[in-house]
Amino acid sequence: MAIKMWSRGVSPDGKRKMSMEEFKCWLRTFDEDSDGKINREELREAIRATTGGWFTGYKSSRAIKSADSNGNGVVEEDEIKSLVEFAGKHLGIKVVGY
């Protein structure tokens with residue numbers, strides 16, 4: 001399934017750019033149970049759709065561990081900035097204007 005997620009193109013450092021709202025909207029498309037939280041499996045599907053199939057389980061586990069400050073196993077609204085930082089470092093996504 002191809003998902004258009006970048007209306008802003010690519011930054012000079014080669015990362016795909018999007019706004020914070022675009023990033024949140026992109027995540028919502030993978031929130032299968034519509035609980036407003038992203039779990040490991042949902043994030044794995046988002047990464048697979050974005051970067052291809054390599055090491056998606058590993059990347060999603062690392063992202064959850066990195067962003068999940070309260071340790072409940074999901075990324076909630078107040079933990080999104082940590083996920084943005086992870087995406088910038090490890091997923092080739094640059095969120096601008098946050």
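How far apart are the end C-alpha atoms over residues 62–90, and what share of the chain is helix and strand there? In this predicted model, the end C-alpha atoms of that stretch are 10 Å apart. The chain over residues 62–90 is 59% helix and 7% strand. The unreviewed UniProt entry carries the annotation "domain: EF-hand" for residues 62–90, and also for residues 18–53.

Helix α4 spans residues 80–91. Its buried residues are I80, L83, V84, F86, A87, G88 and L91. In an α-helix, residues three or four places apart point the same way, because there are 3.6 residues a turn. Just after α4, G92 takes a positive phi of about 70 degrees.

Aromatic rings were examined next. A pair of aromatic rings is described by the distance of the centres and the angle of the planes. The count comes to 3 aromatic pairs. The rings of W26 and F30 have centres 6.1 Å apart and planes at 75 degrees, so this pair is edge-to-face. Both W26 and F30 are buried.

W54 counts as exposed because its relative accessibility is 65%. F55 has 59% relative accessibility and therefore counts as exposed.

Note on methods
Residues are numbered from 1 along each chain as its sequence is written. This is a predicted model: local features need pLDDT of at least 70, side-chain atom pairs count only at pLDDT 80 or more; totals for chains, interfaces and linings use all residues. Side-chain values use heavy atoms; hydrogens and water are left out. Buried means under 20% relative accessible area, exposed over 50%, partly exposed in between (1.4 Å probe, protein chains only). Helices (H or I, at least four residues) and strands (E, at least two) are DSSP runs, numbered from the N terminus. UniProt positions are given in the numbering used here, feature names are shortened, and annotations may be inferred rather than shown by experiment. Rings of Phe, Tyr and Trp (its six-membered ring) pair if their centres lie within 6.5 Å; planes under 30 degrees apart count as stacked, over 60 as edge-to-face and the rest as tilted.
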